[in-house]
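Open the model in your viewer and keep the selection panel at hand.

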Number of protein chains: 6
Amino acid sequence: MKRVALFPGSFDPFTKGHEDIVLRGLGLFDEIIIAIGHNTEKSNRYIKIDKMVSLIRDTFKAFPNISVQTYAELTAEFARKNNAKFLLRGLRNTTDFEYENSIGQVNRYLNAELESVFLITSPQFASLSSSIIREVHRYGGDVSMLLPYKL
Amino acid sequence: MKRVALFPGSFDPFTKGHEDIVLRGLGLFDEIIIAIGHNTEKSNRYIKIDKMVSLIRDTFKAFPNISVQTYAELTAEFARKNNAKFLLRGLRNTTDFEYENSIGQVNRYLNAELESVFLITSPQFASLSSSIIREVHRYGGDVSMLLPYKL
Amino acid sequence: MKRVALFPGSFDPFTKGHEDIVLRGLGLFDEIIIAIGHNTEKSNRYIKIDKMVSLIRDTFKAFPNISVQTYAELTAEFARKNNAKFLLRGLRNTTDFEYENSIGQVNRYLNAELESVFLITSPQFASLSSSIIREVHRYGGDVSMLLPYKL
Amino acid sequence: MKRVALFPGSFDPFTKGHEDIVLRGLGLFDEIIIAIGHNTEKSNRYIKIDKMVSLIRDTFKAFPNISVQTYAELTAEFARKNNAKFLLRGLRNTTDFEYENSIGQVNRYLNAELESVFLITSPQFASLSSSIIREVHRYGGDVSMLLPYKL
Amino acid sequence: MKRVALFPGSFDPFTKGHEDIVLRGLGLFDEIIIAIGHNTEKSNRYIKIDKMVSLIRDTFKAFPNISVQTYAELTAEFARKNNAKFLLRGLRNTTDFEYENSIGQVNRYLNAELESVFLITSPQFASLSSSIIREVHRYGGDVSMLLPYKL
Amino acid sequence: MKRVALFPGSFDPFTKGHEDIVLRGLGLFDEIIIAIGHNTEKSNRYIKIDKMVSLIRDTFKAFPNISVQTYAELTAEFARKNNAKFLLRGLRNTTDFEYENSIGQVNRYLNAELESVFLITSPQFASLSSSIIREVHRYGGDVSMLLPYKL
């Protein structure tokens, strides 16, 4: 049976830290779905959703087992519909750990078959966060080395 | 002298984790006041304040020494008015600890007689947070097992 | 019914941080038993157990509801024998929190009626640890301001 | 290609928390090797190594894809010899996270192909540690509910 | 060569904790620039920027090597323009540490010569945060002991 | 006045992480004394003290303002004797932070003029610890890339 993992997030924007987790996750899973949570009603993204989808698809175009989707429902529910039994998650630090610990247990309550699997972000990317990158980009700073594509 | 404790929070909504702390707190205190911080001007609650008060009252109707109140002032001041010498607080994880450590010291500065008392949330409830429950409920997920009442 | 709390530890030595927790605990409990865990076989204390017992007794001689005992069994078991339904514990930082979180749950498994109650150490004592004090004393440093008695 | 994971530890003793991680790891890996680090020269185990090996084998005797081995070399080296490309690890709390973060990066430096994969320990087992269980058992406490076998 | 440090923040308001770091930083640096990040477009300050600048200047008027400036660009860029090779930062707790760890690495990526230097906030001020002080002040609480000036 | 900093530790062995902190510290201090704590009576080092001193001296032989000394007294006392007003310390993670927070406050109590100054270890070295390196070396693993000298 194929092992399918969801890699959920808002990815505003998708960083080299995210790319690191997805590529390393390929050793574990037969298929990875990058799933961008997106609520059209209260959307307030820095990078428009369509642009982000297209940039990520481009980044992984050489990988037929990596796909990109958007969703506007519970992650646990979206995983079920896609036959994804795993959530792939990156951990950068203890703040991430405490958050993921909470989310992972609630996801299991909502979907008992859903297992959250964690990789620790590679040290050179551990300081990256989408919010810091937005801040740098907003003020005209150069973020090209922090993203796996050209914004 | 009666030991009266305030259990303050926004409780939007009140969870099984909160219930766990209140019930265990009954062993320590003669009276517990569940105090819902509520600023009418900038209120932006998911569950309306009147509904929440009524649901919590119902939850504890068998306990004459548990009451529910709303307040719109400093917690330290509201405690003083109610002759509550203790703040009862639940700790779920290190993020909670760091936050409570700060708040507790400021509360003591504002009201030198006010002692913050902590219980560690039982493990089966440690992942619950009001914000996660709101998110699940917003998307139509089943939260009935996470709340001590029917929403 | 009297609320009796055990304040367990190795207290090698008992510090001003420990004293802070005991004195603040008096607001919560009718009686506090300072319980020094002590395994005679593999004892390797810096301050001899008899001396420590006597120094702590002296420290609290004005408080008839504070007593000092030694024990060489499970804390949960010693609490049961002394009708102590509470363990009083001080939290200094997140490292303490993670440790106490584990210990507290195991103690509850061993004695379902035993509730661990936490106070956060006052900031001026939050850096004190028995091991640091031993290190300072060993090298002839002045520890008199860190202890509630004269060593 | 088969996905083989090493689950390394000293397992003194192997707990229900360890069992939880191994069983959940079966969804991710085709084969799991429980690897007990064991230095014969400076061995100071509470439970003898032979007894522990036999108790764990018994625990998983229904699972042909779970095996138990001892080793006395670098974990990264032992993984290479067994064609294990993954280390399976459980995370209980932030203290575990910081430790595993360090170890995982060094293991990758020693064996660039070795990926550490983390599951968060289920909440009911998050307080279990081998050292706490040893302490309880040493004093005659009942540990039967904390272990997946009869000691 | 003079060692110039930037002490950046939003300082809404500047607290006794901030003052503690600046004064202790004087031992390390020949000149300290207190730099208030301020985006005029989306400003939503509790204390107006001009008032804050003036209150901080007053606080340090006896120190010719402490100056106050506002800026609306990347901190790394503002440091470069002012020939500041150091960012001075206070650490209160582990939450601060994780945040500063991320920010510091990104700042170094943006300005390779910029070194972040940390002092740990003195314990009596470790619980102070601008957001708690705003909350207390909003409800009419007395914050005079928490600020180095009269608001 | 010259700014002299002590960089204290047991350095068993001195790692590339330590080297990183010392070299970056040169921007802050006019002179850095690497101070190896060493109690001859209960010494149990993996790398002999004389060998370590000589390896570190060699590492920094191009830097006349970096020296190496051993000491067997309180760090605060040794700093005073050397007119060092600063302790230079590296922070790798939250566990380090909590430890340094305690030690720093006690050092200030022992020597009110002694300021602890922290740099966050560069990410590529954040996983290094002397104890992990000893473990790897003991089993014959290659540690040459983790040390600034040939062992």
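Over all chains, a search of the whole structure finds 78 salt bridges. The term covers a side-chain nitrogen of Lys or Arg within 4 Å of a carboxyl oxygen of Asp or Glu. This is a predicted model: local features need pLDDT of at least 70, side-chain atom pairs count only at pLDDT 80 or more, and totals for chains, interfaces and linings use all residues. Residues are numbered from 1 along each chain as its sequence is written, chains are lettered from A and ligands numbered from 1 in the order in which they are written, and side-chain values use heavy atoms, with hydrogens and water left out.

**Stop one: chain A**

Select Glu31(A) and Lys2(A). Their side chains form a salt bridge, 2.8 Å from N to O. Glu31(A) sits in strand E2 (residues 31–37) and Lys2(A) in the segment before strand E1 (4–9), so the pair ties together parts of chain A that are 29 residues apart in sequence. Helices (H or I, at least four residues) and strands (E, at least two) are DSSP runs, numbered from the N terminus. Glu31(A) is partly exposed at 22% relative accessibility; Lys2(A) is exposed at 53%. Buried means under 20% relative accessible area, exposed over 50%, and partly exposed in between (1.4 Å probe, protein chains only).

**Stop two: chain E**

Go to Lys85(E) and Glu113(E). Here the N-to-O distance of the salt bridge is 3.7 Å. Lys85(E) is in the loop between helix H3 (75–81) and strand E4 (86–91) of chain E, and Glu113(E) in the loop between helix H4 (94–110) and strand E5 (115–120), so parts 28 residues apart in sequence are tied together. Lys85(E) is partly exposed at 31%, and Glu113(E) is exposed at 56%.

**Stop three: chains D and A**

Now show both chains. The contact (heavy atoms within 4.5 Å) takes 25 residues from chain D and 25 residues from chain A. Together they bury about 2,100 Å², 61% of it on carbon and sulfur atoms. Buried area is the accessible area (1.4 Å probe) that two parts lose on being put together, summed over both. Highlight Arg3(D), Phe97(D) and Ile120(D): they supply 28% of the area that chain D buries against chain A, more than any other three residues.

Which residue of chain D does Glu115(A) pair with in a salt bridge? Select Arg24(D): its closest N and O atoms with Glu115(A) are 2.7 Å apart.
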